[in-house]
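Please look through the structure below, then follow the paragraphs that come after it.

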Amino acid sequence: MPASAPTPCLRPYRPRAAEHTVLHQVVRLHLATFLRVAEEAGGVPAFVERELRQFLTCGVWAKGFARFRCDACHAERLVPFSCKARAVCPSCGGRRMAERAAHLVDHVLPAVPMRQWVLSLPFRLRYVLAFDHALCRKVLAVHVRALRAFYRRRARRQGIADGETGAVTAIQRWGSALNLNVHFHTLALDGVFQSDADGDLRFVPASPPTPQEIARLVATIARRVATLLRRHGLTLGGDEPADDADSQADAGALAALAAASVTGRSLLGAAPGARVGRVGRTTTAAIAKAASPWHARAADFDLHGGRTVRAEDRRTLERLCHYLLRPPLAQDRLELLPDGRVGLTLAHPWADGTSVLVFGGVEFLEKLAVLIPKPRVNLVLYHGILGARARRRAAAVAQVVPPEATRPTSVAPVSQETAAPPERRPSRRGWLWADLMRRVFEIDVLACDCGARLRFLATIEDPPVVQRILRHLGLPTDTPVSALARPPPRDDLAFAFPA
Ligand SMILES: [Zn+2]
Ligand SMILES: [Zn+2]
């Protein structure tokens, strides 16, 4: 679409100056060095480099923007494009999270009690599953099958023969330390649907699981996963990841970086093989973890099942969905330290007192690179009555409460900076982006100062036109470029923080 000359009242809308964030600075500064050092160690797959480079263009004016106009007062607004990176970009990850959570709450999850089941896996398995998505889905299927059987058994005790639960699982690939930690967050209908005489679906809630039942569940899962792995010629012995050459053949250096990440070490940083630096750690464990009746452990598998949401509490459900679908990095937890290293504040201090992790620049990129999923790998999966091919799925999802009645009305306001720019093209469902900003952050990006609504006009992508408009408006016309590769990091800075 040709762009007409901009009017003088054209105002840019910029949710966040991406190139001024700590993350952007770190990636810009260290990407070239990281890629060179990684190259020497076997190289990283193209999709990893692509995502890191894409991130550097997120919200950059020179890459183009969308244009909105108010028909009442003729004011215009420009919004730069986002990068759509899957793991690296907190802003795009935040928007994807909000979009998917809204979809789950409005269109998928019936208004019934829900329970979150979190399954964490032995170290070795985390590493194997990071590369083998097909096997990852099989392990997840074992977990969900055990949960479904658990709910069916309880239903049979209540005299229900054909009860079926359903679940949605987010496969999270990372832990709080930016470490590789493949684990499952499964949101299950906390009970079963039963068909009544007329063929209508009726939900029968389950009573809470006992500690013994959770212990039996995790033991069953551990045993069945071990059987599954044996069929694939794998065992779970030892904490150190071993080489499984088949699935990692294309990964180059990424396999070694992943193995290091799983055990909290780094390979390409100042001190290869060293543990990630920690601040606040004490030798005496200060914070003892309280034993939970909702937690059980078997053969290094951990199962937590304590988090529940009431049927009518759709707002809490949406927040829980955000938690399931959140991106690995929260922008506000990163800081650039005076010596150039990167500090990551933990959301919850560890049992040993550690509150901040410290990474060198290349080391930080090493951690990020491992978390980037392969393109087209689906990390949100449905099972049971919510499964794509389930016979009664339509009837179950029809039981979502009408969104009008439940849409959050007073979400805590979040600063405009949290908002993400729109995607390159308006979504087919209209400007979902603007709806989301309003729903999650209470920002109405399409409200004109005159009180009327802005209307989407065009996307401007033609470089000469982009440049002309940016110059006219006095906006930056350059694209941030990554710094040149420097000599590999030395260990003279290594982990000076008190151990
Ligand atoms: Zn107006
Ligand atoms: Zn982005």
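Which residue in the turn of the hairpin formed by β2 and β3 has a positive phi? The turn residue is His74, with a phi of about 65°, and five residues lie between the two strands. This is a predicted model, in which local features need pLDDT of at least 70, side-chain atom pairs count only at pLDDT 80 or more, and totals for chains, interfaces and linings use all residues. Residues are numbered from 1 along each chain as its sequence is written, and chains are lettered from A and ligands numbered from 1 in the order in which they are written.

Strands (E, at least two residues) and helices (H or I, at least four) are DSSP runs, numbered from the N terminus. Strands pair if DSSP finds at least two bridges between them. Strand β2 (residues 65-70) and strand β3 (residues 76-80) pair in the antiparallel sense over five bridges, with Arg67 bridged to Leu78 of β3. β2 also runs antiparallel to β16 (residues 454-460), joined by six bridges; here Cys70 stands opposite Leu454. Five of the six residues of β2 are buried, so the strand is largely enclosed by the rest of the structure. Buried means that 20 or more other C-beta atoms, placed from the backbone, lie within 10 Å of the residue's own.

Helix α9 (residues 361-371) is likewise largely enclosed by the rest of the structure, because eleven of its eleven residues are buried. The axes of α1 (residues 22-40) and α9, lines fitted to C-alpha atoms over the stretch in contact, come within 8 Å and cross at roughly 80°. The two helices are therefore roughly perpendicular (65 to 115 degrees, with angles running from 0 to 180 degrees between N-to-C directions).

Technical notes:
Buried ≥ 20, exposed ≤ 12 C-beta atoms within 10 Å, placed from the backbone. Parallel < 35°, antiparallel > 145°, perpendicular 65-115°, else oblique.
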